[in-house]
Amino acid sequence: MKIALCKSHFAGPVSGADETLVAYALALHEARHTVEVVLLYKCADTDQYYRRLRDAGVPVSFVVNRSLIFEALRRVRDLLASAFFFIFLVPQAHDGLRLIWQAVIRLTTRSHYSACRAFFRVARPDILHVFTPDSGARLMISAGHELGIPVLYQELGTPNHLPALDIYYREMEDVLPLCSEFGALSPQLAFQWSERFPALKSVTVLPIIGGDREEGFFTDSPKTNLLVFGFAGRLEEGKGPAVFVKAIERLNRNRPLGIARIAGVGPLLAEIKREARALRLGETCEFVGHYSEPLGRTTFLNSLDVFVLPSFAEGTPNCIVEAMAHGIPVIASEVGGIRDMIGDDAGIRVPPGDTAALTEAMLRLANDPELRRKMGAAAHDRYQKLFSPRVVVPLMLGIYQRVARNGHASKTIRSSNEHLHPWAKLSPEKV
């Protein structure tokens, strides 16, 4: 079976969608299946995700090898997004930049429909596996459907998404019925998406694949008597980094208990650093940049005692899967598919935006080493059962085979290989 994993473009550092696509491609390639990554727009040769695929021997193709408009837009966006003084001087500048980017890229992408159709007519994969809601995904779904190629669309987010994504989901409503199957990241999310888009033909649970821990690689981080609480992700409002630093300040009010270690880049980086200075966190708040390679990820995670993600909206975040793979207990917001991920034994869930509840959860783990140990062990066990390549790849292949045969039945939440993956056994009534 020839599998094409499709996306508009690589979005840059700390992209959960990019990480998910790359993880799928690497796992399928390692299992000796025929897989190719197809991007609508050509990425830079130095792109971190492209390098990982190339170094592993996974073919990467581009529908449009040169788009002057797209390249100019990407450079302007990256330049302005990195100009923190611009963001500070112009209120809501980042939101304005996002709206401009969305409008122009939608217009530009529509002109490439013929090229997209011609590409897939020649490549002729057995299945298109399309990721994330954007104008490129819409284009690829339409082209695949017109050519009679079965399409699996995978949604990596949540129906309770941030307002900035509204335009994409409104546009996707027209093409989703063209897909043979719709993939969601967890049972809870599958149920929510089936309610959000009642016209979907079939909804299946397809989890992300986590990278296994790099055995034998340990961090040389300085030793400390304080507990290390880690955050990794794009530094933007939706991920809740401001809530995290405020919780660290509260945690240490009476006596020093913990350190915040933050990995990531994004439009709020300078603002979060300023907030940390205003709260006088000093050495109890560390910014370590972002990691782009598996060894960098392991180095960071090995330095943590607890992983924290106080997001306002999520699907099933890659960073939580990575923490679970490393046996780290998790504190995260009760949003999206996080309840499915960590259950009641691998971490603590808190209401989004609730600094007091987050502080209380951090205090509980700071004062109970045995609870941290038990939750860390449970996290690793849940990773092995839910997100390891060993259980997810057979699940993917079963879904691909069904979609390639166009064998969907009446609308239901379903999956395959029930003997391998616990989520495949859940019916809608049990979600």
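Predicted model: local features only at pLDDT ≥ 70, side-chain atom pairs only at ≥ 80, totals over all residues.
Biologist: What percentage of the residues in the chain is buried?
Modeller: Buried means under 20% relative accessible area, with a 1.4 Å probe and protein chains only. The chain holds 431 residues. The buried share is 57%.

Biologist: Which residues of helix α13 are buried?
Modeller: Helix α13 spans residues 318-325. Eight of the eight are buried, so α13 is largely enclosed by the rest of the structure. They are N318, C319, I320, V321, E322, A323, M324 and A325.

Biologist: Are α16 and α17 roughly parallel or roughly antiparallel to each other?
Modeller: Axes are lines fitted to C-alpha atoms, for helices over the stretch in contact, and angles run from 0 to 180 degrees between N-to-C directions. The axes of α16 (residues 369-386) and α17 (residues 389-404) come within 5 Å and cross at roughly 25°. Angles under 35 degrees count as roughly parallel, over 145 as roughly antiparallel. The two helices are therefore roughly parallel.

Biologist: Which residues in α17 meet α16?
Modeller: Contact means heavy atoms within 4.5 Å. From α16 come Y383, Q384, K385 and L386. Their counterparts in α17 are P389, R390, V391 and V392.

Biologist: At what angle do the axes of α1 and α2 cross?
Modeller: Helix α1 covers residues 16-30 and helix α2 covers residues 48-56. Their axes come within 10 Å. The helices are roughly parallel to each other. The crossing angle is roughly 0°.

Biologist: Which residues of α2 make the contact with α1?
Modeller: On the α1 side are D18, E19, V22, A25, L26 and H29. On the α2 side are Y49, R52, L53 and A56.

Biologist: What is the bridge partner of Y153 in β6?
Modeller: Two strands pair if DSSP finds at least two bridges between them. Strand β5 (residues 151-154) pairs with β6 in the parallel sense over three bridges. In β6, E181 and G183 point one way, F182 and A184 the other, and all are buried. The partner of Y153 is F182.

How values were computed: Residues numbered from 1 in each chain as written. Heavy atoms only, no water. Helix = DSSP H or I, 4+ residues; strand = E, 2+ residues; numbered from the N terminus. Parallel < 35°, antiparallel > 145°, perpendicular 65-115°, else oblique. Buried < 20%, exposed > 50% of the residue type's maximum accessible area, 1.4 Å probe, protein only.
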